[in-house]
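Open the model in your viewer and keep the selection panel at hand. This tour goes from stop to stop and says what to pick at each one.

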Amino acid sequence: MIELTIDNKAVQAEPGETVLQAALRNGIEIPHFCYHPCLSIAGNCRICMVRIKGRPGFHPSCNLPAAPGMEIESDCSDVNAVRKSILQFATLNHPADCPVCDKAGECRLQDYNFKYNGTPSPSIEPKRRQRKFYQINSRIMLDRERCILCSRCVRFTKEISGSGLLGIVERADQSRVERLEQGGVEDPYSDNIIQSCPVGALLSRDFLYKSRVWYLEPVASVCPRCSRGCSVEVWRRQKQWQLRAPGADKNHMAYRISARENPEVNGPWLCNQGFDLHQVINDSVRALAPRLAGAESTLQDALAAAQRLLFEAEKPAAIVSAWGSNEELAAFKSALGSSLTVYTRADREPEAGEVVEDQLLIKADKNPNSYSVEAIFGRRPFAADAGHDVVLVWGDLVDYASLGSAKVIHLATLEPAAGRPAEVLVPISTMFERTGHYTNFEGKVNRFEQVFEKPESVLHAGDLFGRL
Ligand code: SF4
Ligand code: SF4
Ligand code: FES
C-alpha cells in the first residue's frame with residue numbers, strides 16, 4: 001500500500017490508484033464530473049483539482065497517481081477558488097433550467113455550484129443558444145445547452161456497451177455531443193448514459209417531467225427479467241408526499257428504475273429491459289379475483305376447491321415458478337414437495353426483438369431464479385403424457401392446452417389468457433409486494449425488498465402452500 005496524506009489525514013492507496021480514487025475510498029469527497037470508476041480517465045472537467053504541498057500549480061486528482069509521502073490539499077481556499085472559477089466557466093452558457101430540469105435534486109453541477117460558487121455569472125455576454133431536444137434514440141433526448149462535455153456518455157458507448165452511438169464533434173464553443181453515423185443501431189444499454197450523466201443533459205423520454213425526484217424514494221430490488229438478476233432501485237412516491245384524489249393512483253406507481261451498484265453482479269449498469277421494469281410493474285394486468293371455472297369466488301371457496309381437487313387426485317403434479325423466491329421454493333418443497341410430482345419450466349421466454357444474450361449482462365434465461373429451482377427440483381419439463389389428472393401451476397403465461405386434460409389449479413399474478421379457464425384460480429402477490437431472495441445464474445444471492453402493499457384479495461404464495 002502507498003502511504004500519503006490528504007487534507008492532513010493519513011490514507012493508504014492501492015498501487016495504481018489515483019489520488020481521487022484513494023480519497024473517495026477513504027471517505028474524502030473531492031468533486032468530480034468526468035471521472036467514473038468504470039470508465040477510462042478523461043481528465044477534462046478540471047473540477048477535481050488539488051494541490052500538492054511543495055509543488056507549484058494545481059493538478060487534476062483523477063489523473064494524478066498516488067505516490068508515497070505525497071501531501072495533498074483538496075480543501076483549502078486556493079483550491080476552492082480554482083473550483084469556483086471552473087464552475088463559472090462550466091455555467092457560462094449553461095441555462096438556468098433547474099426549476100424545470102429532471103436532474104434537479106440529484107445534479108452534481110447544481111450541488112457543486114451551490115457549494116463552491118454561489119455567485120451570479122460574471123459574464124455580460126448573452127448565453128449561447130443550443131438545441132434543447134436532440135433525439136439520441138427512441139428513449140433518450142439530449143439538451144445540448146445543459147451538456148458540460150464531460151464525455152461520460154461517449155466513453156460509455158465506446159468502452160462498455162460498444163455501440164459507438166455517440167461522439168463529440170467540432171471544437172471550442174461549437175463542441176457538441178452527436179449521434180454518430182455508425183451508431184445507427186439501438187444500444188440495448190443506452191439508458192445507462194442518462195444515469196451516469198452528471199447533469200440534466202440526457203433525459204429519459206419515459207420519465208420526462210413525471211415527478212420531481214425529491215418526492216420519490218428508491219427501494220432496493222432485483223431485476224427479474226433475466227437470470228443475471230441485476231440489483232436495481234425501484235422509485236416510488238414518498239409517504240409524506242402521497243397524493244390525494246385525483247391522482248391517488250400515482251401513490252402505487254413505480255416511477256423509474258435505476259441501477260443499484262453491485263460489483264459482483266452488474267457493477268453500476270443495467271440493460272434497457274431493466275430500466276423498463278417500472279412499465280412492467282405499472283402496466284401488468286393483474287389477476288385480482290379468485291375464480292372457480294372462470295366465475296368469481298371467495299378466497300375460502302377457491303382454497304377449499306383446490307384442497308379438494310388435490311386430495312381426490314390420483315396422480316397430482318405441480319409446476320414450480322422460476323420467479324418464486326428462495327423462501328417460497330423452500331416453503332413449497334416442505335409443504336407439497338413429497339406429495340406431488342414436481343416439474344419445472346421457464347415462466348418467461350425471450351420476446352420478439354429482445355436481445356437474447358450478450359457478453360455484458362444479458363442472459364438467455366429470462367427468469368430470475370432458475371438456479372434455485374434446478375438446485376432443488378432439477379430440470380424437469382412437464383410430461384403431458386404422464387397421465388396427471390390435476391396440475392397445480394405456480395407462475396404466469398401458461399398455456400393450459402399444454403397440460404393435456406388435467407384439471408388446473410393456477411396460482412397466478414397476471415390475468416390468464418382468454419379461453420379455457422382454470423378449475424381454480426388463486427391470485428398471488430408479485431415480487432414487488434414482498435421481500436425475498438433470488439439466486440442468479442452464477443449462484444449469487446440477491447435480496448429484494450417490498451415496494452408496495454399487496455392488494456387484499458391476493459395471497460403470498462409462500463403462505464398458501466401450507467394451506468393446500
Ligand atoms: S451529455 Fe452528459 S454525460 Fe454526455 S458529455 Fe454531456 S454532460 Fe457529459
Ligand atoms: S441484464 Fe437481465 S437482470 Fe440485468 S437489467 Fe437486464 S434483464 Fe434485468
Ligand atoms: S474529474 Fe478530474 S478532470 Fe474531471
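Is the crossing of helix 9 and helix 10 left-handed or right-handed? Select both helices and look along the contact. The crossing is right-handed. Bear in mind throughout that this is a predicted model.

**Stop 1: helix 9 and helix 10**

Helix 9 covers residues 326-336, and helix 10 covers residues 370-377. Their axes are 10 Å apart, and the packing angle is about 25 degrees. An angle under 35 degrees counts as roughly parallel, so helix 9 and helix 10 are roughly parallel to each other.

Now show the side chains at the contact. From helix 9, pick Asn326, Leu329 and Lys333. They meet Ser372, Val373 and Ile376 of helix 10. By type, the residues of this contact are three nonpolar, two polar and one charged.

**Stop 2**

Which of its residues are buried? Select Ser370, Tyr371, Ser372 and Val373: these are buried.

Step just past the end of helix 10. Gly378 sits there with a positive phi of about 75 degrees.

**Stop 3: Ala384**

Move on to Ala384, in the loop between helix 10 and strand 18 (390-394). Is Ala384 buried, exposed or partly exposed? Count the other C-beta atoms within 10 Å of its own: there are 14. A buried residue needs 20 or more, and an exposed one has 12 or fewer. Ala384 is therefore partly exposed.

What does Ala384 touch, leaving out residues up to four places away in sequence? Select Ser402, Leu403 and Gly404. Then draw a distance from the C-alpha atom of Ala384 to that of Arg155. The two atoms are separated by 52 Å, and the residues are 229 apart along the chain.

**Stop 4**

Most residues other than glycine have a negative phi, and most peptide bonds are trans. The next selections go the other way.

Select Leu397, in the loop between strand 18 and strand 19 (407-412). The phi of Leu397 is near 55 degrees, a positive value in a residue other than glycine. Leu397 is partly exposed, with 13 other C-beta atoms within 10 Å.

Jump to Ala293. This residue lies in the loop between strand 14 (291-292) and strand 15 (295-296). Ala293 has 13 other C-beta atoms within 10 Å, so it is partly exposed.

Now pick Ala245 and Pro246. The peptide bond from Ala245 to Pro246 is cis, with omega near -5 degrees. Pro246 is in the loop between strand 12 (231-237) and strand 13 (256-259).

**Stop 4: the ligands**

Select ligand 1. How many residues surround it? The shell holds 13, and the closest are Cys147, Cys150, Cys153, Cys197 and Ala201. Color the shell around ligand 1 by type: eleven residues are nonpolar, one is polar and one is charged.

Switch to ligand 2. Its shell has 13 residues, with Cys223, Cys226, Cys230, Cys271 and Gly274 the closest. This shell divides into seven nonpolar, four polar and two charged residues.

**Stop 5: helix 2 and helix 3**

Select helix 2 (residues 77-90) and helix 3 (residues 108-117). Their axes lie 9 Å apart, at an angle of about 135 degrees. That angle makes helix 2 oblique to helix 3. The crossing of helix 2 and helix 3 is left-handed.

Show the contact residues. Helix 2 brings Asn80, Arg83, Lys84, Leu87, Gln88 and Ala90. Helix 3 brings Leu109, Tyr112, Asn113, Tyr116 and Asn117. They divide into five nonpolar, four polar and two charged.

**Last stop: the whole chain**

Zoom out. The protein chain has eleven helices and 22 strands. The C-alpha trace spans about 85 × 50 × 45 Å along its principal axes. Of the 468 residues, 41% are buried. Among contacts with a separation of 6 or more, 63% join residues 24 or more positions apart.

Definitions and conventions. Residues are numbered from 1 along each chain as its sequence is written. Chains are lettered from A and ligands numbered from 1 in the order in which they are written. This is a predicted model: local features need pLDDT of at least 70, side-chain atom pairs count only at pLDDT 80 or more; totals for chains, interfaces and linings use all residues. Axes are lines fitted to C-alpha atoms, for helices over the stretch in contact, and angles run from 0 to 180 degrees between N-to-C directions. Helices (H or I, at least four residues) and strands (E, at least two) are DSSP runs, numbered from the N terminus. Angles under 35 degrees count as roughly parallel, over 145 as roughly antiparallel, 65 to 115 as roughly perpendicular and the rest as oblique. A crossing is left-handed if the near helix is turned anticlockwise from the far one by less than a right angle, and right-handed if clockwise. Two residues are in contact if their C-beta atoms, placed from the backbone, lie within 7 Å. Ala, Val, Leu, Ile, Met, Phe, Trp, Tyr, Cys and Pro count as nonpolar, Asp, Glu, Lys and Arg as charged, and the others, Gly among them, as polar. A residue is near a molecule or strand if its C-beta atom, placed from the backbone, lies within 6 Å of it.
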